[in-house]
Amino acid sequence: MPKLMHKKSITIALAGNPNSGKTTIFNNITGTRQKVGNWPGVTVEKKEGSVSKFGHDLKIIDLPGTYSLTPFSIEEIVARDFVLEESPDVVIDIIDASNLERSLYLATQLRELDCKVLFALNMADLATSRGTKIDADKLSELLDVPVVFTIGNKNTGIDSLLKVAIKLAGSKSKISQKRKVKYSNDIENSISKLQGFIEERIEQNLPYNIRWTAIKLLENDKIVRERIRQKIGNKSLEIFREVETHRKHLLDRFDDDPEIVMTDERYGFIAGIIKEVVTKSTKRRIDTSRNVDLVLTNRFVGFPIFILFIWIMFQTTFVVGSYPMEWIDSGVNWLSAILELFLPDSLFKDLLLNGIIAGVGSVIIFLPNILILFLFIAIFEDTGYMARAAFLMDKIMHLIGLHGKSFIPMLMGFGCSVPAIMATRTLESNKDRILTILITPFMSCSAKLPIYILLAGTFFSARAGTVIFLIYITGIILSIITGRLFRSTLFKGADAPFVMELPPYRVPMIKSLIIHMWDRSKMFLKKMGGIILVGSVIVWMLTAFPRNINYSMDYNKEINKINTSFMDKYSNADDYEKKQIEKQKNAAITKLKLAEKAEKAEKSFMGSIGKTIAPVFAPIGIDWRGSVALLTGFVAKEIVVSTLGILYTAEEADEPDALKNTLLASEMTSLSALSLMIFVLLYLPCVATIATIRRETGSLKWTLFSIVYNTSIAWAAAFCIYQGGKILGLT
Amino acid sequence: MLLSEMKEGQTGIIVHVKGNNGALRRRVLEMGLTKGTKIYVEKYAPLKDPLELIIKGYHISLRVEEAANITVDRLMIVDC
């Protein structure tokens with residue numbers, strides 16, 4: 001039979017707690033056919049995937065992981081709005097079976113939302129091994145919801161999960177109204193009275209199910225109130241008045257806010273379900289995760305291990321990363337050598353070789369570093385260690401006036417400020433978020449690393465690692481000072497509560513690590529193709545033009561002069577002397593050629609710009625070339641290295657250490673190199689970061705503040721280092 | 001007694017969660033720290049703050065100052 005039937009398209013939303021294995025299941029269903037984007041208007045990551053299965057086109061949406069649907073955090077608002085406004089055909093709630101009780105809180109909220117919901121009891125094997133048995137049939141019966149067992153990391157049960165979801169989506173039967181949460185009599189009373197009141201007053205349909213609306217109004221849900229006000233205008237005032245009466249009544253009755261009482265009662269309802277569904281064996285079992293944690297957060301060894309992990313992360317990034325770096329480097333050199341040989345001399349060749357290949361080549365070399373760094377961050381996240389890092393660090397972070405969770409964005413700041421600043425969304429208090437955003441740029445991002453590797457490697461050879469480590473530490477210390485300073489001035493007030501789950505340790509899945517790492521490295525590569533390419537071309541143009549320079553002398557004539565003068569000496573010399581003369585001649589010519597190049601760079605547009613701003617940088621030991629490089633770093637920090645490469649035109653471009661040697665031969669000293677590194681560490685963030693700060697703070701004021709603050713601190717710190725060092729007689 | 005006064009390895013039942021900020025208090029409750037919940041103090045962080053609890057079969061961390069908002073009845077059993 002020919003398949004002419006139109007495939008039915010079904011939208012499935014995945015909901016669930018953080019650490020419930022939701023992402024693993026999403027990865028298993030969609031494989032690599034994922035689209036990662038943002039939820040409209042906000043920067044919470046939205047993952048979508050499409051797959052054809054069992055005769056249906058399935059569109060899978062991964063909702064943000066949340067513990068609740070109470071609209072406090074942006075993630076919760078996004079998740080709830082999606083279910084309410086986009087009405088997916090089915091919502092699958094991924095429930096961590098070994099954490100059933102708390103997971104059911106979100107589940108009951110979804111159940112109340114009046115959508116077609118289905119439970120995936122995930123990792124039940126783990127729960128069983130811990131002595132917890134769950135009666136799925138009973139659970140299904142009690143909440144009137146289909147329940148499917150899944151084991152995400154073994155890809156078990158996924159097909160039957162999808163089959164049940166498709167069946168549920170196709171079923172015409174109305175969503176069962178029974179067996180949702182049952183509250184105490186007083187509250188149920190108020191709910192039904194309010195429900196009746198709303199039904200009576202309002203002819204047109206309210207946006208949502210009436211019982212749910214009544215519950216949310218009793219809970220004083222600001223978003224639901226606002227939606228109702230928009231929908232029915234002045235009539236809403238009548239309803240709100242009635243709501244107030246009920247709220248007051250309940251407040252008198254329970255001596256507490258209705259939303260608090262209802263939260264309590266929801267858990268009470270859940271406790272009832274748990275009693276009927278879960279059987280626990282009394283046999284004590286070894287809880288590996290707990291034992292591991294006793295070591296990793298141990299009073300004595302917890303911190304040393306933490307520091308060791310971070311040290312291993314950076315060490316691996318640099319040491320292991322240096323091998324593929326060499327391969328990429330020789331590949332780029334080989335390419336430019338080939339092109340040099342086969343292309344005729346032209347402006348285009350100059351652009352291609354000295355602009356594009358030199359620029360992009362000097363940056364792509366750091367791809368291995370970045371991959372490794374993101375791999376480590378993915379491992380920390382997927383194993384559950386990230387939460388322990390926050391647990392260990394909270395006391396310290398709290399001293400700065402920050403939440404332990406702020407440590408996570410700050411740690412990610414070592415990778416790239418853009419995702420790091422996005423990660424501040426996990427912070428609930430706006431103050432915490434803005435403060436974290438302001439200090440995250442002090443965490444030295446991976447794009448700055450190439451600059452340190454070049455400068456420290458050149459001027460501190462054997463001690464390069466230590467110097468780079470100290471640079472990172474300087475950034476951390478300055479962020480602490482900044483945090484304290486701002487907390488006691490600009491951001492006074494109470495801190496957000498530190499209520500954080502410490503998920504069990506898990507062995508990370510290779511597939512998920514790779515997806516994780518790849519998603520983030522992709523950002524780096526995209527930057528490469530876009531901003532960095534454009535930046536390199538602009539920098540090349542500013543360096544290559546104007547074409548007709550008024551040189552201080554006629555270099556060609558001078559070279560000819562040397563040639564002729566040596567010719568005279570040459571004629572009456574013996575073989576040995578001839579060789580000596582030849583050497584002298586070549587040296588003289590090279591010197592002239594280099595001087596010509598230097599003068600060309602100096603008199604280019606870039607040179608003029610650099611010289612104009614150079615006086616600002618003179619007190620911190622940075623010459624006009626450094627100034628230009630720093631300017632171009634605004635586009636992306638990686639470009640600083642390629643700009644230095646272009647400006648200090650290396651003698652023999654095909655020699656790998658050319659830039660190093662040229663830098664060593666230049667008037668740059670280790671002290672001024674250090675000052676330059678410190679300035680790079682602290683000064684204004686790159687365009688992409690500034691755009692993210694603007695979007696995440698939603699305020700131009702904070703964005704400008706961040707730029708000005710960072711740059712002033714950078715200058716001041718570099719000034720102290722350079723002038724201080726000079727006084728101490730260091731070079 | 002207050003939760004913040006409990007020592008590592010002690011067990012208790014939550015009697016009351018107080019707090020001036022309704023939204024934050026509700027967040028604590030939504031994570032499962034509700035009245036009548038059995039809690040076990042797993043450990044304090046190396047710097048004595050925050051502390052780690054086991055409630056409803058999972059591990060959660062709280063700051064000492066937040067734990068000071070939670071009144072508990074200590075249970076004299078050595079089991080969790």
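Two residues are in contact here if their C-beta atoms, placed from the backbone, lie within 7 Å. With that in hand, welcome to a short tour of this predicted model.

**View 1. Helices α31 and α32 of chain A meet in a right-handed crossing.** On one side of this contact are A:Ile690, A:Ile693, A:Arg694 and A:Thr697 of α31(A). Facing them from α32(A) are A:Leu700, A:Trp702, A:Thr703, A:Ser706 and A:Ile707. Helix α31 covers residues 687-697 and helix α32 covers residues 700-727; the two pack at an angle of about 145 degrees, with their axes 8 Å apart. Sorted by class, the residues of this contact are five nonpolar, three polar and one charged.

**View 2. Helices α7 and α8 of chain A also pack together, with axes that come within 9 Å.** Here α7 (residues 185-201) and α8 (residues 210-218) cross at roughly 115 degrees, and the crossing is right-handed. From α7(A), the contact uses A:Ser190, A:Ile191, A:Leu194, A:Gln195, A:Ile198 and A:Glu199. The partners from α8(A) include A:Ile210, A:Arg211, A:Ala214 and A:Leu218. Eight residues of this contact are nonpolar, three are polar and two are charged.

**View 3. The largest nonpolar core has 194 residues.** Look for A:Leu14, A:Ile92, A:Met677, A:Ile678 and A:Phe679, the residues with the most contacts inside this core. Helix α30 (residues 670-682) of chain A gives the largest share, 10 residues. Domain 1 (8-170) and domain 2 (185-280) of chain A each supply at least three residues to the core.

**View 4. A closer look at A:Ile678, one of the core residues with the most contacts.** Leaving aside residues up to four places away in sequence, A:Ile678 touches A:Ile471, A:Thr474, A:Ala717, A:Ala718 and A:Ile721.

**View 5. Chain A is assigned domain 1 (8-170), domain 2 (185-280) and domain 3 (546-603).** How far apart do the C-alpha centres of domain 2 and domain 3 of chain A lie? The distance between these centres is 90 Å.

**View 6. Chain A meets chain B through 28 residues of chain A and 29 residues of chain B.** On the chain A side, the elements that give two or more residues are α3 (100-112), α11 (258-277), α13 (302-319), α17 (385-399) and β10 (500-501). Helix α11(A) provides the largest share of that side, five residues. The residues on the chain A side divide into 13 nonpolar, six polar and nine charged.

Notes: Residues numbered from 1 in each chain as written. Chains lettered and ligands numbered in written order. Predicted model: local features only at pLDDT ≥ 70, side-chain atom pairs only at ≥ 80, totals over all residues. Core = buried A, V, L, I, M, F, W, Y, C linked by C-beta atoms within 7 Å. Buried ≥ 20, exposed ≤ 12 C-beta atoms within 10 Å, placed from the backbone. Helix = DSSP H or I, 4+ residues; strand = E, 2+ residues; numbered from the N terminus. Domains from an automatic or database assignment. Axes fitted to C-alpha atoms, helices over the stretch in contact; angles between N-to-C directions. Left-handed = near helix turned anticlockwise from the far one by under 90°. Nonpolar A, V, L, I, M, F, W, Y, C, P; charged D, E, K, R; others polar.
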